[in-house]
Amino acid sequence: MSTADISISQDGIPLKQKLAKTTALQRRRALLLTMPLVLFLLVSFVVPIGQMLFNSVHNDKVSAVVPNFADAILQWDGVGLPPEETFEIFVKDMIQAKKVREVGRTVGNLATRVNYEMPGSRSLFTSTARKAKKIKEGPYKEALIKLNKKWGNPQIWLTLQRAARDITPAFYVAALDLKYAEDGSIERADELYQIYLNNFMKTLWLSALITFICILLAYPVAYLLSVLPLRQSNLLMIMVLLPFWTSLLVRTTAWIAILQTEGIINDMLVFLGFISDDGRIQMIYNQTGTIIAMVHILLPFMILPLYSVMKTIPPSYMRAALSMGAKPLYAYRKVYFPQTLPGLAAGTLLVFILAIGYYITPALVGGEDGLLISNLIAYHIQKSLNWSLGAALGTILLVVVLLLYWLYNKLIGIDKLRFG
Amino acid sequence: MNKLINKTLIATAISAAVAASSVQAGEITVVSWGGAYTKSQVEAYHKPWMAQTGNTVVSEDYSGGLAEIKAQVEAGNVTWNLVDVELSDAVRGCDEGILEVIDPSILPAGADGTPAADDFLPGTVHECAVGNIVWSTVFAYDGSKTQGVGGIADFFNLDKFPGKRGLRKGPKPNLEMALMADGVAPADVYEVLSTDAGIDRAFAKLDSIKDSVVWWEAGAQPPQLLADGEVVMTTAYNGRIFNAVAAEGKPFEINWDGQVWDLDLWVIPKGASNMEDTLDFIKFSTGTQALADQASWISYGPVRKSSAPLVSSYHNQPDLDMAPHMPTAPANFANALQNDFEFWADNQDQLNERFNAWLSK
Amino acid sequence: MFKQFKQKQKAYGYLLLAALVITLFTGTVKAAIGFLLVFGVPLYFMNKMPDYATTGERFSRYMFLVISSSILVFLITPVLIIIPLSFNAEPYFTFTEGMLSLDPDAFSTRWYMDIVYNGMAAPQAIEGWWADMWENAQWIRAARNSFFIATVSTVIATVLGTIAALGLSRPEMPYRALITSLLISPMIVPLVITATGMFFFYSQVGLAKTYWGVILAHVTLGVPFVIITVTATLSGFDMSLVRAAQNMGANGWTTFRRVIMPLILPGMISGALFAFITSLDEVVAVLFIADVEQRTIPRQMFSGIREQISPTILSVASILVLMSVILLTVLELLRRRSERLRGMSPG
C-alpha cells in the first residue's frame with residue numbers, strides 16, 4: 001500500500017497532505033475494527049448500567065399515578081395545608097387511579113413510593129383510594145380529613161411534594177443512612193436504622209484485610225516460583241493455576257465442607273483432642289468464613305502479577321548488593337523489594353477491586369455478619385423490590401470501583417494484565 | 001481451522017436444537033413453597049386434576065415474596081401461571097397491579113350446596129386471590145430431648161432451656177412472637193407494635209436470644225435443624241413439623257402457645273398465559289373435596305366450611321385423626337394471633353431495614 | 001547443625017527418624033505422615049546453596065520453603081479434597097472412620113448416580129431411560145444449558161474480541177487507552193452492578209428470561225479475556241509479515257487467514273477458553289437474568305448450597321475440577337506451541 005501511495009502522490013497532490021490522508025484512513029480503519037465490539041458493549045453493558053444510574057435518581061411513581069395532582073402540589077408553597085383546589089385534584093386523581101390496573105401505575109405503586117419516605121403511610125393511600133369515590137362534592141379538604149385524619153397532617157403533603165418530582169435525590173439520602181427531617185432538611189437516620197454506611201465501611205475494611213492477607217501469602221510463593229528452576233516452578237505453578245481455573249462455586253463448596261461444624265477441620269480438632277465434641281468452632285456462615293474463602297479465591301490474582309514481575313528481576317542485583325557487604329535484610333529492602341512494587345501494586349489493586357464487589361461467596365458462606373455491600377444491593381433488587389435504592393447503592397459502589405480502575409490504569413495500565 | 005469452525009458450528013446447532021423447548025397447550029406452571037407442602041398439593045390438587053382434564057401441571061418451588069412475580073410481569077415474560085402466596089403479598093401485589101383480578105363468581109358452591117360466598121371463611125377470598133389453607137407459625141422442639149415446655153415465654157428463656165433457637169430470617173412473625181413471650185396479649189400485639197416503643201420492646205426481646213439463633217429461610221429447614229440437633233427449639237410452619245412426625249416418625253412436639261396464623265392464597269401473575277386452564281385449576285383445587293383431601297396430607301386447615309366435616313385421618317394412617325393437629329382446633333387456638341396483613345404492608349420495608357441493621361450488628 | 005545437611009539424603013534420613021519417634025510416641029502413623037508431608041516436601045525444593053552459606057541462612061531458607069509450600073497446600077487442598085469426599089457412602093461432608101481405614105464399603109458412587117437420577121421420572125425404568133434422563137434429570141438439563149450458553153457466547157466473544165484486538169494493536173489506533181479500558185471494564189465492574197443494570201434493561205426489551213439475554217451477558221463478561229489474550233499475542237507480532245504478504249498481492253482477508261490468524265491462533269484459543277470457562281462458571285448474571293428454563297450448572301449448585309447441601313454437589317464439583325485440569329493442560333500446550341512458533345525458549 002505504501003509503495004502505491006508514493007507513486008500516486010506524484011500526481012500533484014502534496015506529499016504531506018497525502019500522508020495525512022493516509023494516516024487518517026488508517027486510523028479510521030483501526031477504529032472501524034473495534035466498532036462492532038464497542039457497539040455490542042454499548043447495547044449489552046453501557047446502556048444497561050447507564051439506565052441503572054438513571055434509575056437511582058429517577059422515580060416517577062407519583063406523577064405516573066396522580067399526574068394532575070403532581071403538577072398541582074409542586075405549585076404549593078409548603079405552608080400549612082395545600083389549598084382546596086389541590087385537595088380536589090387529589091381526590092379526583094385518586095378515584096381515577098383506583099380504576100387503573102396497568103403495571104406501575106396503580107395506587108399501590110404510589111403508596112409504596114411514599115411509604116419509603118414516610119414508613120407506615122402505605123395503607124393511608126390504599127384505603128383512601130378505596131373510599132375516595134364516596135366523596136362526591138366539596139369541600140374536599142374536610143371530606144378527605146374526615147375519611148382519615150392523617151390527611152390533616154402537613155407532613156404527608158410535604159412528603160408528597162418531595163416525591164412528586166421525578167428526579168429525586170431521596171434514594172441517595174437513604175443509601176447514605178440519612179433522612180429528611182420534618183422541616184425538609186437532611187439529617188442522620190436513627191441509629192437503629194443505619195445499615196448502609198456501616199456496611200460500606202465493613203466492605204472496605206474486609207476488602208483491605210483480605211488484600212493484606214493475600215499480599216502476605218502471595219509474596220513468598222511468588223518469590224519461590226520466580227527463583228526455582230523452570231522444571232520445579234512449573235510443577236508448583238500448577239498448584240496456583242488449578243484453583244484459579246476451578247469454578248468459584250466448587251471452591252466455595254469445598255470451604256463449606258472443610259470449615260463447617262461437622263466438617264474436616266472441626267473433626268480433626270476433636271480427634272486430636274484440642275476441642276470437645278460440644279465445643280466445635282463456628283468457622284463458616286460468618287465473617288471468618290467469608291475472609292478465608294475469599295482469600296483463597298483471590299490469592300492467585302495476587303500471585304500471578306507478582307510472579308511475572310519477580311521473574312524479570314535479575315538475581316545478580318541481590319548478589320551484587322550482598323557481595324558489597326549489605327546485610328541480607330538491608331539488601332532485600334533496598335534492592336529487591338522496590339523492584340517488585342509494580343507487581344505488588346497491580347495485585348493489590350486487582351484484588352481490592354474484585355473484593356469490594358464480591359457477591360457469591362459472602363452470599364453462600366457469609367451468614368449474617370459476613371455480608372458485603374453487593375449482597376445488600378442484590379437484596380433490594382431481588383427481595384425488597386426497592387429498585388431505586390438498590391440502584392443508588394450500586395452507583396456508589398460503581399463510583400468507588402471506577403476510581404480504583406482509573407488509578408490502576410494510571411499506575412499500571414490495564415493492557416498489562418496477564419493470566420497464567 | 002476449518003475443521004474447528006465446522007465442529008463449533010455443529011456443536012452450536014446441536015445444543016440450540018436441544019435447548020429449544022416449547023410450552024405445550026394444556027400445561028400450567030404452579031408455584032408453591034416446596035417440600036411436604038407442595039407434596040400435599042400435588043397429591044390433592046395436581047394429580048386428580050390432571051387425571052380429570054388430561055392437562056399437565058408443572059410444579060415449581062420458591063421461598064415466598066413478590067420479587068419473582070414482579071420481575072416476570074415487568075419483563076413482560078410471565079412463565080408462572082399460578083402462585084401460592086401469603087395474604088400480605090396477595091394484597092400488596094394486587095395494589096401494585098401485578099396480579100390478575102379473579103372473579104369470585106366462578107368459584108363453585110360447596111359440596112353441601114352452600115354458595116361459595118358463604119362457604120369460604122371470611123376474608124379468604126380477595127380481589128386478586130382465592131384462599132386455600134390456614135397455616136400457622138408455631139414453635140417446636142424434640143420431645144425426646146426437651147420436656148416441660150410451658151409456653152412461648154419458654155422459647156425465649158435460655159436459662160430454663162439452654163441451647164440454640166431457630167427463627168425465620170425476617171421480622172415477620174418474630175416480632176409478634178417476641179411480644180407475646182414478653183407478656184403482651186395476642187389482641188394487643190399490633191397495637192403495641194404500631195408504636196416505636198413497642199418495636200423497641202420486641203427487638204429487645206429478640207436481643208435476649210440473638211447470640212443463640214440459627215436463622216432459617218425455607219420451610220423445609222426447621223425440621224432438618226431439629227433432626228440434626230442444630231437447635232433445641234425452632235419456630236416452624238406447623239404442617240412441616242406435623243409431617244416430620246407423621247411421615248418420618250420424628251419425636252417432635254408442637255407448642256401452640258403464641259401461634260401466628262395466616263392464609264395461603266392462589267394468585268395469577270398479570271399477563272399469564274392459559275387463563276382458562278388456570279382458572280379451572282383454581283376452581284378444582286379450592287373445591288370442597290380437594291381442600292379436604294389436602295388436609296389428609298398436611299395439617300393445614302381448609303378455608304371452606306364445607307370441607308371441615310370431610311377432613312378425616314392422615315392419608316396412610318387411619319388412626320391418626322387430623323382435626324386435633326389443625327391450627328384452628330379449639331385446643332390449639334387459645335392463644336393465637338392472626339397475622340395483620342395491613343400492618344405488614346405498611347411497615348415491612350421499614351422493619352426489614354431495621355431487622356437487617358439489627359442482624360448485622 | 002544444618003551445616004551437616006549438605007546432602008539431601010542425610011536430611012531425609014533425619015526426617016524419617018523424627019517421624020519414627022513421633023509414631024512411637026503417639027501410637028499412630030497419621031501424625032507422622034503429616035509431619036513428613038509438611039517438612040519433607042519443602043526439602044525437595046531445597047536446592048544446592050553456595051558452600052559459604054551459613055547455618056542461619058540454610059535454616060531460614062528451609063523455613064521459607066516450609067512456609068511457602070504450606071501456602072501452596074492451602075491453595076490446592078480445597079480443590080482436591082472434595083474428590084475423595086464425593087465418594088463418601090454416607091450423606092456427610094467429612095471423612096468417615098471407614099474412609100480413613102480405606103474400607104471399600106465406606107466408598108460409593110451413589111452421589112454420582114444421584115446427579116443423573118435427580119429429577120428423572122423413572123430412574124429405575126429400562127425402557128425410555130435415556131430419553132427420560134436427557135429430558136428430566138435436573139443436572140443434565142443444567143449441563144446442557146451451560147454448554148449451549150457457553151459455546152454460543154464463546155464463539156461470539158472470540159469473533160468480536162479478536163477483530164477489536166486487531167484494531168487495538170494497530171499503531172495508528174486512536175483513543176486506544178480509552179477504548180481499551182471500556183472493552184475491559186466488564187471484568188472490573190462488580191458483577192452485581194452489571195447484572196442489576198442488565199436485569200432492568202433486558203426486562204424492558206424482552207431479553208430477560210431468555211437464552212439470548214443470558215448469552216448477551218456472558219459475551220459481555222467473556223470479551224475482556226479475549227481482548228487481553230489476543231492483544232498479548234499481537235504485542236509480539238511482527239507487522240512486517242503483513243506488509244510482506246500484501247506486497248505479494250494478498251488481499252486483506254487472505255492476509256488475515258494465511259498470515260495473521262495462524263500466528264494469533266494460540267492467543268485466540270486461550271482467550272476463547274477463558275471466555276468459555278467464565279460463562280461456565282458465571283452465576284450472578286444468571287441469578288438476575290435467567291429463568292428456570294435457562295438454569296445452568298453453577299445456578300443449580302448455588303441453590304443446592306443455599307437450600308440443602310448434599311454430597312451430590314461435591315460430585316458435581318469433582319467433575320468440574322476434572323474439567324479444569326483438562327482445560328489447564330490444553331492451555332499449557334497452547335502456550336508452549338505459541339512460544340515455539342515465536343522462537344522463544346520452551347517453558
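Visitor: Let me start with C:Ile289. Which residues does C:Ile289 touch, leaving out those up to four places away in sequence?
Guide: In this predicted model, C:Ile289 touches C:Ala195, C:Met198, C:Phe199 and C:Tyr202, along with C:Ala208, C:Gly213, C:Val214 and C:Ala217.

Visitor: And what about the largest nonpolar core, how many residues has it got?
Guide: That core has 171 residues. C:Ile289 is one of those with the most contacts inside it, and so are C:Val284 and C:Ala285 from chain C, plus A:Ala218, A:Leu298 and A:Ile303 from chain A.

Visitor: Which helix gives the most to it?
Guide: Helix α15 of chain A, residues 287–310, which puts in 15 residues. There's also a second, separate core, with 97 residues. B:Trp49, B:Ile199, B:Ala292 and B:Ala295 are among its members.

Visitor: OK, chains A and C. How many residues does each chain bring to the contact?
Guide: Chain C brings 78 residues and chain A brings 78 residues.

Visitor: On the chain C side, which elements give two or more residues?
Guide: A run of helices of chain C: α3 (55–85), α7 (138–168), α8 (176–188), α9 (191–204), α10 (211–235), α12 (252–281), α14 (297–306) and α15 (311–341). The top contributor is α3(C), with twelve residues.

Visitor: How does that side split into nonpolar, polar and charged?
Guide: On the side of chain C that touches chain A, 60 residues are nonpolar, 14 are polar and four are charged.

Visitor: Switching to chain B. How is chain B divided into domains?
Guide: Domain 1 of chain B covers 25–134 + 263–325, and domain 2 covers 137–259 + 333–359. Their C-alpha centres lie 26 Å apart.

Visitor: How many residues are in contact between those two?
Guide: 17 residues of domain 1 of chain B are in contact with 14 residues of domain 2 of chain B. On the domain 1 side, α2, α4 (87–95) and β12 (317–321) of chain B each supply at least two residues.

Visitor: You mentioned α2 of chain B. What unit does α2(B) make with β1(B) and β2(B)?
Guide: A right-handed β-α-β unit, with α2(B) spanning residues 35–53. The strands β1(B), residues 27–32, and β2(B), residues 56–61, pair in the parallel sense over six bridges. B:Val30 stands opposite B:Ser59 in β2(B).

Visitor: Back to chain A. What's the domain assignment there?
Guide: Chain A gets domain 1 (2–57), domain 2 (61–166) and domain 3 (196–416). The C-alpha centres of domain 1 and domain 2 of chain A lie 53 Å apart.

Visitor: Which residues of helix α9 of chain A are buried?
Guide: In α9(A), residues 154–163, the buried ones are A:Trp157, A:Leu158, A:Thr159, A:Leu160, A:Gln161 and A:Ala163. What covers them includes α3 (61–65), α4 (67–75) and α6 (107–117) of chain A.

Visitor: Last one: is A:Lys410 buried or exposed?
Guide: A:Lys410 is exposed, because its C-beta has 8 others within 10 Å, and exposed means 12 or fewer. A:Lys410 lies in helix α20 of chain A, residues 387–411.

Visitor: How far apart are A:Lys410 and A:Tyr196?
Guide: 214 residues apart in sequence and 30 Å apart in space, C-alpha to C-alpha.

Conventions
Residues are numbered from 1 along each chain as its sequence is written. Chains are lettered from A and ligands numbered from 1 in the order in which they are written. This is a predicted model: local features need pLDDT of at least 70, side-chain atom pairs count only at pLDDT 80 or more; totals for chains, interfaces and linings use all residues. A nonpolar core is a set of buried Ala, Val, Leu, Ile, Met, Phe, Trp, Tyr and Cys residues joined through C-beta atoms within 7 Å. A residue is buried if 20 or more other C-beta atoms lie within 10 Å of its own, exposed if 12 or fewer, and partly exposed in between; C-beta atoms are placed from the backbone. Helices (H or I, at least four residues) and strands (E, at least two) are DSSP runs, numbered from the N terminus. Two residues are in contact if their C-beta atoms, placed from the backbone, lie within 7 Å. Ala, Val, Leu, Ile, Met, Phe, Trp, Tyr, Cys and Pro count as nonpolar, Asp, Glu, Lys and Arg as charged, and the others, Gly among them, as polar. Two strands pair if DSSP finds at least two bridges between them. A crossover is right-handed if, with the strands pointing away from the viewer, the path from the first strand over the helix to the second runs clockwise. Domain bounds come from an automatic or database domain assignment.
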